[in-house]
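Subject: Structure handover

Hello,

Here is the structure you were waiting for. Please open it alongside this message.

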Amino acid sequence: MFVFKTRTGLGEVFEINAVNFMRATGGREPYKSVRGDGRNVYYAVCPACDNPIVLVGLYRNERGMDRPRRPFGRHCGHDVPALAEYDGDAYRACRYADPGHRVNSWRKRGPSDPHGLALYGLMRSEFDNVALAWELSSGIHLGRAYAEEMLRGWRANEGWRYYVVSYQNLPQMLFWPAGSQKLMGRYVRRGSRLHGLLDRSGLVSLEPRGNRYVQVRRASGRFAEASFVIYDRTFSPDGDGDGDEREVFDARVDVDGREVASDLRITAEADWLERTRTLTHGRRDERLLEIAGRILG
């Protein structure tokens with residue numbers, strides 16, 4: 001991974017380099033430790049799973065190499081006192097885990113697990129931004145009634161306790177275990193991949209709803225039912241050649257039982273919260289926040 005944070009729970013995420021590390025940590029314990037041979041070891045926290053990580057190649061002279069490489073972080077597999085405790089299940093479900101060890105673990109965290117409680121708090125305090133991030137990634141708008149339905153399901157199923165849920169995929173995890181969802185009558189964001197798939201199918205009518213959305217309706221002469229479901233969670237290269245990966249959710253769309261598309265890929269953007277805050281200029285949707293406050297307490 002090429003990012004870090006300085007504490008468990010929700011916190012600012014930094015690119016890994018010596019300047020950011022020293023500015024954020026001051027180079028103090030527990031972020032720096034001295035080995036028996038006198039060499040420095042630098043620690044931080046994984047932005048996705050809250051496990052401790054060790055920063056590799058933070059300074060060129062530590063590598064003994066003529067040509068510098070981009071510094072990176074890797075999970076260190078043990079507790080770092082006063083910084084973070086190692087959790088193997090959280091590691092194996094992490095987007096930054098070694099692919100040879102990573103699994104789609106559906107094990108649950110304990111009821112008082114601090115990572116799970118932080119995810120619960122994030123859903124409650126940022127539910128309007130969660131809903132917008134979901135819309136941007138999937139194309140599907142969450143109106144108030146639909147948002148409340150999904151959040152009630154997340155609450156009933158204790159979605160914050162699953163190890164596969166992280167700060168970075170929280171918007172998608174609102175839908176991941178929910179099963180098939182109706183599309184008929186939903187608002188779909190104009191220009192989204194879903195909009196294009198439905199338009200090309202010719203099996204539904206897409207009626208304009210302002211400048212931003214179309215509404216999925218039955219096509220003339222048809223009695224159609226449209227639905228979508230998220231069915232897989234995978235990891236793929238992010239395309240910039242630096243070896244990092246993106247977390248991707250595969251979804252399929254059906255109309256009248258006919259598969260319109262099985263390759264609707266929904267990407268979990270690690271910086272979804274910053275993006276939505278920038279897009280809305282910090283304005284909040286008080287109606288969605290009221291729903292979250294009422295359901296999540």
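Predicted model: local features only at pLDDT ≥ 70, side-chain atom pairs only at ≥ 80, totals over all residues.

Residues are numbered from 1 along each chain as its sequence is written, and side-chain values use heavy atoms, with hydrogens and water left out.

Helix pairs

Two packed helices are described by the angle between their axes and the distance between the axes. Helices here are DSSP runs of H or I of at least four residues, and strands are runs of E of at least two, numbered from the N terminus. Axes are lines fitted to C-alpha atoms, for helices over the stretch in contact, with angles from 0 to 180 degrees between N-to-C directions.

The axes of α3 (residues 114-125) and α5 (residues 144-156) come within 13 Å and cross at roughly 165 degrees. The two helices are therefore roughly antiparallel (over 145 degrees). On the α3 side the contact (heavy atoms within 4.5 Å) is made by L119, Y120 and M123, and on the α5 side by L151, W154 and R155. By class, this contact has 5 nonpolar, no polar and 1 charged residues; Ala, Val, Leu, Ile, Met, Phe, Trp, Tyr, Cys and Pro count as nonpolar, Asp, Glu, Lys and Arg as charged, and the others, Gly among them, as polar.

For α4 (residues 127-138) and α8 (residues 272-280), the axes come within 9 Å and cross at roughly 95 degrees. This pair is therefore roughly perpendicular (65 to 115 degrees). N129, V130, L132, A133 and L136 of α4 meet W272, L273, T276, R277, L279 and T280 of α8. Their residues divide into 7 nonpolar, 3 polar and 1 charged.

Cysteines

The whole structure has 0 disulfides (pairs of cysteine sulfur atoms within 2.5 Å). For C46, the nearest cysteine sulfur is that of C94, 3.7 Å away. C46 counts as buried at 0% relative accessibility (buried means under 20% relative accessible area, with a 1.4 Å probe and protein chains only). C49 is also in no disulfide, and its nearest cysteine sulfur, that of C46, is 3.7 Å away. C49 is buried too, at 6%.

Helix α7

In α7 (residues 193-201), the buried residues are L194, H195, G196, L197 and L198. They pack against α4 and several strands, including β8 (187-189) and β9 (204-209). Just after α7, G202 takes a positive phi of about 70 degrees.

Regards

Conventions: Parallel < 35°, antiparallel > 145°, perpendicular 65-115°, else oblique. Buried < 20%, exposed > 50% of the residue type's maximum accessible area, 1.4 Å probe, protein only.
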